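Here is a brisk report on one protein chain. It covers domains, strands, salt bridges and surface.

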Amino acid sequence: MTFERYGTMNVNEKGHLEVGGVDTLKLAQKYGTPLYVYDVALIRDRARGFKKTFAEMEIDAQVAYASKAFSSIAIYQLMAEEDLSLDVVSGGELYTAIKANFPKERIHFHGNNKTAEELKMALDYDIGCIVLDNYDEITLLQKLLEERKQKMAVLIRVTPGIEAHTHDYILTGQDDSKFGFGLTNGQAEKAIQEVLAAEEQFDLIGLHCHIGSQIFETTGFVMAAHRIMEQLVLWRDSLGFESKVLNLGGGFGVRYTQDDQPLDPSEYVRQIVQEVKQMAINHRLEMPEIWIEPGRSLVGEAGTTLYKIGSRKEVPGIRDYVAVDGGMNDNIRPALYEAQYEAVLAKNPLGKTEETVAIAGKCCESGDMLIWDLRLPKAFSEEILAVFCTGAYGYSMASNYNRIPRPAVVFVEDGQDKLVIKRESYADLVRNDLSFIEV
Ligand code: LLP
């Protein structure tokens, strides 16, 4: 029976939750819990959806996977297979991309404080482009390029002064932001002038902006595109600058709970492109290539976390706590952003719900709650709980708090399962520890 939730999710003939044609109870048994399970077909579908939209609109484009959402060799290989580009934000993500053999010319490097070592690494690998974020970085990168007699394609990140409707911590396009150059206060213009003046080192191919994350409305994206295009008209006339590329970032919302009503991801693209196209026609500007950087909308809904239920505590008249064998160490989003999730028992996702429980993590912290109010059939110890939509910023923000090893990650597709990140062992946890006292 089809289980109308995400991607290839199904309820199989045994009544169990199935993803990618694989029984989740079998996965839990085979790999242990907590376990991250990714529906590969859903990721491919999203990647192809974005690309198809650009193709249908006859727009030159790059779809770069914002890999902070989930970074690993396997996911980079999958994105390469789907012909996407890659947004990395640290030496670690870049290193992972190189290890995955990701086509280097399609790697874009972001970040508000890239170190000299990280920049050198990007130059050594001669990646596709670096997104300049501040004046110090312009100076530093120019110096490095001068020393190496190398030239690098760059974008300039601008903050267009847009207040998108999302959680404050994941807002980035407003004036008061640690990222990028202000569009309206003269900073962006000064940055463009500096970069254009260093033409031996920089090939300024365009501008970048990202207004925030988990955004449902198209208005913010369209406004950002409009404002940048307005500026580009002015800069064409005053600076002779033409932006070959306009990178409008990511941030397209996903459905964590039934209350979330995101648009089809391609609809965001359609509206952004329409705005840019219209502005280009109106002002006789060359239509720029459009780049986007979705993270969450590519991998969020594709991820499901399987936990084993353990202890239970009833607080009479208040609530029943049901504890699982993971928590804020593998998914900090509920504790950090009050993020909401939904979950089912893997053995009978369609079972009649009988009680409302609070799903607690196992960390020594009262805030370590995964879901406050979850309707479930009676949930017993040892049963498997499947939490939906954990594919973005779950594993990638995982920690070893309380010295809990990070979970394993499995990809499933067409009835096959493939381990792509091993579960950490206790030995892994002490690998970098050194003795204080010789024994
Ligand atoms: N491009 C840039 C420059 C970004 O900063 C981000 C996300 C993205 C693209 C991808 O955004 P997405 O399509 O995934 O929304 N940890 C938070 C999200 C932080 C997002 C940071 N930047 C969370 O768990 O909600």
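**Basis**

This is a predicted model, in which local features need pLDDT of at least 70, side-chain atom pairs count only at pLDDT 80 or more, and totals for chains, interfaces and linings use all residues. Residues are numbered from 1 along each chain as its sequence is written, and side-chain values use heavy atoms, with hydrogens and water left out.

Strands and helices here are DSSP runs, numbered from the N terminus: helices are H or I with at least four residues, strands are E with at least two. β1 and β2 (residues 17-19) form an antiparallel pair with two bridges. Two strands count as paired if DSSP finds at least two bridges between them. Within this pairing, Asn 10 sits opposite Glu 18 of β2. The sheet is open and has three strands, ordered β1-β2-β3, with antiparallel pairing.

The contact between them involves 21 residues from domain 1 and 23 residues from domain 2. Contact means heavy atoms within 4.5 Å.

How many of the eight residues of β9 are buried? Eight of the eight residues of β9 (residues 152-159) are buried, so the strand is largely enclosed by the rest of the structure. Buried means under 20% relative accessible area, exposed over 50%, and partly exposed in between (1.4 Å probe, protein chains only). Both faces are covered. One side carries Met 152, Val 154, Ile 156 and Val 158. The other carries Ala 153, Leu 155, Arg 157 and Thr 159.

β9 pairs with β8 (residues 129-132) in the parallel sense, over three bridges. There, Leu 132 stands opposite Ile 156.

Helix α3 spans residues 73-81. Its buried residues include Ala 74, Ile 75, Tyr 76, Leu 78 and Met 79. After α3 comes Asp 83, with a positive phi near 65 degrees.

Val 315 belongs to strand β14 (residues 303-315). Its relative accessibility is 22%, so Val 315 counts as partly exposed. Leaving aside neighbours within four places in sequence, Val 315 is in contact with Asp 320 and Tyr 321.

**Salt bridges**

Side chains of opposite charge can pair when their charged atoms come close. The rule used here asks for a side-chain nitrogen of Lys or Arg within 4 Å of a carboxyl oxygen of Asp or Glu. The count comes to 28 salt bridges. Three of these pairs are tabulated.

| Pair | Closest N and O atoms |
|---|---|
| Glu 342 and Arg 5 | 2.7 Å |
| Asp 203 and Lys 244 | 4.0 Å |
| Arg 403 and Asp 433 | 3.0 Å |

Take the salt bridge of Glu 342 with Arg 5. Glu 342 lies in the loop between α11 (333-337) and β16 (343-345) and Arg 5 in the segment before β1, so this pair ties together parts 337 residues apart in sequence. Glu 342 is buried, at 19% relative accessible area. Arg 5 also counts as buried, at 17%.

Next is the salt bridge of Asp 203 with Lys 244. Asp 203 lies in strand β11 (residues 202-208) and Lys 244 in the loop between α8 (219-239) and β12 (245-247), so the pair ties together parts 41 residues apart in sequence. Asp 203 is partly exposed, at 31% relative accessible area.

Then there is the salt bridge of Arg 403 with Asp 433. This pair links distant parts of the chain, 30 residues apart. Arg 403 is in the loop between β19 (384-388) and β20 (408-413), and Asp 433 in the segment after α12. Arg 403 is partly exposed, with a relative accessible area of 42%. Asp 433 counts as partly exposed, also at 42%.

Shared partners also build a network: salt bridges join Arg 44, Arg 48, Glu 81, Glu 82 and Glu 413.

**A nonpolar surface patch**

Which residues form a nonpolar patch on the surface? They are Phe 436, Ile 437 and Val 439, with about 480 Å² of accessible area together. Areas come from the Shrake-Rupley method with a 1.4 Å probe, and for residues only the protein chains shown count as cover. Patch residues have over 30% relative accessible area and no salt bridge; like charges are joined within 9 Å, nonpolar side chains (Val, Leu, Ile, Met, Phe, Trp, Tyr) within 5 Å. Ile 437 lies in the segment after α12 (426-430). Ile 437 is exposed, with a relative accessible area of 57%.
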